[in-house]
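This briefing concerns one protein chain.

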Amino acid sequence: MNRSTYALAVFALIAVVLTGAALTWANAQRKSNRKASAATAQQQNRAEAATDESGAPDTADTRRDVFISASRAPSAAKFGEGTWINSEPTTLEELRGRVVLVDFWTFGCYNCRNTLPTLKRLDAEYRSKGLTIVGVHAPESDYEKGIGNVRDAVQRLGIKYPVVTDNDYATWRAYNIQAWPTVVILDKQGRIRFTHVGEGHYEQQEQIIQKLLAEADVSTRATEDKTDSSRQRGANMEEKVEKSEEEWRAEMTPQQFHVMREKGTERAFTGEYNASKKQGMYVCAACGNPLFSSDTKFESGTGWPSFYQPVSERSVDEHVDRAYGMTRTEVVCARCASHLGHVFDDGPRPTGLRYCMNSVALKLNENNSGQD
Ligand SMILES: [Zn+2]
């Protein structure tokens with residue numbers, strides 16, 4: 001080996017060592033970023049928020065862990081292109097009128113997985129009351145980019161809310177996200193009202209969801225006015241109705257009693273309202289409590305009248321039903337506790353829910369349209 005070859009070899013060796021060190025360092029940075037405790041990530045993000053380069057308007061409030069007032073809340077960016085799991089492709093415009101929790105996560109991140117029990121509980125409890133959770137899956141490794149791997153993980157982890165892949169990080173960048181997991185909560189007008197980085201703050205998130213669900217929805221006020229009279233009736237009917245089974249039996253037809261008090265099911269395609277396209281408010285056949293607007297009725301093909309959403313969060317109560325060796329969610333009237341049917345999570349947008357009802361448990365109060 002002559003002198004210049006020797007020098008070249010030493011040079012090449014140094015280059016290899018340096019590259020290796022740089023890669024190790026970059027990897028460590030990535031790992032420490034991903035494993036950042038909630039507290040550290042929060043501090044990082046507070047600092048980043050203070051020197052915000054995202055181009056967000058000056059007047060907009062983007063602080064972490066703070067409930068942001070509607071007047072200072074920035075509009076959320078739209079979702080980037082991606083593959084949707086558990087849902088058809090959905091836009092924020094289509095979710096107007098609903099509170100939206102956007103969870104930036106990836107299935108390989110254990111901090112993300114630690115937040116899933118809470119997210120799944122919030123989905124189960126608040127979806128029918130106006131909450132949509134969207135998991136934006138921003139992968140960290142190439143393995144986490146594989147759509148088959150994401151689908152498997154979503155199923156294995158028992159996630160039922162919509163998940164959209166963000167393999168090009170378009171949504172991640174648009175929301176100026178720094179770490180996994182980050183939760184962003186949007187109000188009914190699509191404005192960012194709360195951001196939390198890392199695990200924890202679960203109670204605060206739930207309180208904010210409740211607060212935002214209670215806020216007026218300006219964008220759908222016009223349609224709400226149409227049902228004002230029935231809403232008022234609902235408000236006057238908040239007192240529970242309690243009667244003995246004998247009293248119920250005396251008031252109901254035998255079929256109604258069987259379905260509503262003994263949790264029976266009418267035969268498919270036999271009910272009065274299965275194929276009905278009439279406009280109006282479906283109320284409880286036992287107590288008159290408003291349950292479902294005909295606007296939320298859809299053709300499910302099951303043979304029972306199906307709706308994607310109750311008319312208000314006070315309309316129905318839901319209970320886990322383990323009868324007949326199946327686990328289903330039973331739906332009862334919130335006012336008189338009569339059985340109405342079951343709810344399944346294979347419905348259409350915007351909720352993805354299917355309220356499968358017995359016609360005999362409903363009564364349609366038709367709109368006075370001058371027809372029929
Ligand atoms: Zn009732």
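The structure is a predicted model. Among the elements that cover the buried residues of helix 3 are strand 2 (99-105), strand 3 (131-137) and helix 6 (202-214). The mean pLDDT of the chain is 83.

**Helix 3**

- Helix 3 comprises the 17 residues 110-126; at 1.5 Å a residue it should span 24 Å, and the separation of 25 Å between its end C-alpha atoms agrees with this.
- At L116 the helix bends by about 35°, and the proline P117 follows within four residues.
- Its buried residues are N111, C112, T115, L119, D123 and Y126.

**Residue T265**

- T265 lies in the loop that runs between helix 10 (254-262) and strand 7 (280-284).
- Because 14 other C-beta atoms lie within 10 Å, T265 is classed as partly exposed, a class that falls between buried (20 or more) and exposed (12 or fewer).
- Apart from neighbours within four places in sequence, T265 is in contact with V259 and N358.
- T265 and N358 are 93 residues apart along the chain, and their C-alpha atoms are separated by 6.7 Å.

**Confidence**

- A pLDDT of 70 or more is reached by 77% of the residues of the chain.
- Over residues 219-237 the pLDDT stays under 50, and the model has 18 contacts beyond four places in sequence for this stretch.
- Residues 368-372 also have pLDDT below 50, with 2 contacts in the model beyond near neighbours in sequence.

Definitions and conventions:
Residues are numbered from 1 along each chain as its sequence is written. This is a predicted model: local features need pLDDT of at least 70, side-chain atom pairs count only at pLDDT 80 or more; totals for chains, interfaces and linings use all residues. Helices (H or I, at least four residues) and strands (E, at least two) are DSSP runs, numbered from the N terminus. The expected span of a helix is 1.5 Å times one less than its number of residues. The bend at a residue is the angle between axes fitted to the seven residues ending there and the seven starting there. Two residues are in contact if their C-beta atoms, placed from the backbone, lie within 7 Å. pLDDT is the predictor's confidence in each residue, from 0 to 100.
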